[in-house]
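The sequence and the structure come next.

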Amino acid sequence: MIWINDGRRRAPNVGLLPKGNRMPQLTHEGQDAVRAMHHQIGNSLQSVASLLILESRSAPPGAATVLSEAGRRIGTVMRLHQRLQETDGDVVRLEDLLADVCRDVAQLDAVDRDAEVRVDIQPFWARPQTASALAMITAELLGNALEHGLAKRPGVVEVSLRDAPDGARLTVRDSGAGVPDGELKAGFGLSLASRLARQLGGQLKHTSGVGGTQFELICRDVWRDQSGV
């Protein structure tokens, strides 16, 4: 079982802008059409993710891993899509978004493992494009930590987003076996996370050893409150 410890207080809104900066409201008919479209997209993503997870349970070990990872990624995209639709403006509250993404990754993990995920996300705001990239990076790094770092042992994964001189520092650290020489094999997930980090103008750095593996990314396009947007 994977335990989630985020210690957060729920905020009523994911994202808000001052009234003067909001986009013009759609008509009731337009709002209904947009909601119906997003609902259909969410259902389609959920169906694909569920099918992949289901197939992974009866597939050979190698294929099961690939199917499970694909299902987890599509499931993460589905949850991210749903939460971004909840925003009431042009910014996203990262505290809730990233904590929820961590919970989703743990729930979609197909392996019954003994792990605890500790989440410490300070209040930050970002535009949807930056928030989406950070959410996907967080999901990939947490999924990698659970799948590889804690593959054969119980342990803890810590996910944090905290102040840094140039913005915010995203850190994902596990207490797994680590890699003695510090050289990690870059699979699809880590390659994707690295590409997304570069799109944000940053570089994904890592250290790995006997005490586990840590990934770190400095993100500049975030703010401690909405006035920075």
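The crossing of α2 and α4 is right-handed. A crossing is right-handed if the near helix is turned clockwise from the far one by less than a right angle, and left-handed if anticlockwise. This is a predicted model, in which local features need pLDDT of at least 70 and side-chain atom pairs count only at pLDDT 80 or more, while totals for chains, interfaces and linings use all residues. Residues are numbered from 1 along each chain as its sequence is written, and side-chain values use heavy atoms, with hydrogens and water left out.

The axes of α2 and α4 lie 11 Å apart, and the packing angle is about 150°. That makes α2 roughly antiparallel to α4. Axes here are lines fitted to C-alpha atoms, for helices over the stretch in contact, with angles from 0 to 180 degrees between N-to-C directions. Angles over 145 degrees count as roughly antiparallel, under 35 as roughly parallel, 65 to 115 as roughly perpendicular and the rest as oblique. From α2, the contact uses Thr 65, Glu 69, Arg 72, Arg 73, Thr 76, Val 77, Leu 80 and Leu 84. From α4 come Ser 132, Ala 135, Met 136, Ala 139, Glu 140, Gly 143 and Glu 147. Contact means heavy atoms within 4.5 Å. By class, the residues of this contact are six nonpolar, four polar and five charged. Ala, Val, Leu, Ile, Met, Phe, Trp, Tyr, Cys and Pro count as nonpolar, Asp, Glu, Lys and Arg as charged, and the others, Gly among them, as polar.

Now turn to α3. The axes of α3 and α4 come within 9 Å and cross at roughly 35°. Here α3 passes α4 in a right-handed crossing. Leu 94, Leu 97, Leu 98, Val 101, Cys 102 and Val 105 form the α3 side. They meet Ala 131, Leu 134, Ala 135, Thr 138, Ala 139, Leu 142, Gly 143 and Leu 146 of α4. This contact has 12 nonpolar, two polar and no charged residues.

The next partner is α5. Helix α4 spans residues 128-149 and helix α5 residues 188-199; their axes come within 9 Å and cross at roughly 150°. The two are therefore roughly antiparallel to each other. This crossing is left-handed. On α4, the contact residues are Ala 133, Met 136, Ile 137, Glu 140, Leu 141 and Asn 144. On α5, they are Gly 189, Leu 190, Leu 192, Ala 193, Leu 196 and Ala 197. Nine of the residues in the contact are nonpolar, two polar and one charged.

What does the largest nonpolar core hold, and which of its residues have the most contacts inside it? It has 45 residues, and Leu 94, Ile 137 and Val 159 have the most contacts within it. A nonpolar core is a set of buried Ala, Val, Leu, Ile, Met, Phe, Trp, Tyr and Cys residues joined through side-chain atoms within 4.5 Å. At least two residues each come from α2 (61-84), α3 (94-108), β3 (115-121), α4, β5 (155-164), β6 (167-174), α5 and β8 (212-219). The largest share, 11 residues, comes from α4. Setting aside residues up to four places away in sequence, Val 159 touches Cys 102, Val 117, Arg 118, Val 119, Asp 120, Ile 121, Thr 138, Leu 142, Leu 170, Thr 171 and Val 172.

Step back to the whole chain. The protein has five helices and eight strands. Helices (H or I, at least four residues) and strands (E, at least two) are DSSP runs, numbered from the N terminus. Their order along the sequence is β-α-α-β-α-β-β-α-β-β-α-β-β. Of the 229 residues, 45% count as buried. Buried means under 20% relative accessible area, exposed over 50% and partly exposed in between, with a 1.4 Å probe and protein chains only. Among contacts between residues at least 6 apart in sequence, 78% join residues at least 24 apart.

Leu 45 sits in helix α1 (residues 28-56). At 22% relative accessibility, Leu 45 counts as partly exposed. Beyond four places in sequence, Leu 45 touches Ile 74, Val 77 and Met 78.

Leu 184 lies in the loop between β6 and α5. Its relative accessible area is 24%, so Leu 184 is partly exposed. Leaving aside neighbours within four places in sequence, Leu 184 contacts Val 179, His 206, Ser 208, Thr 213 and Phe 215.

Glu 116 belongs to strand β3. Glu 116 and Gly 155 are 39 residues apart in sequence, yet 6.5 Å apart in space, C-alpha to C-alpha.
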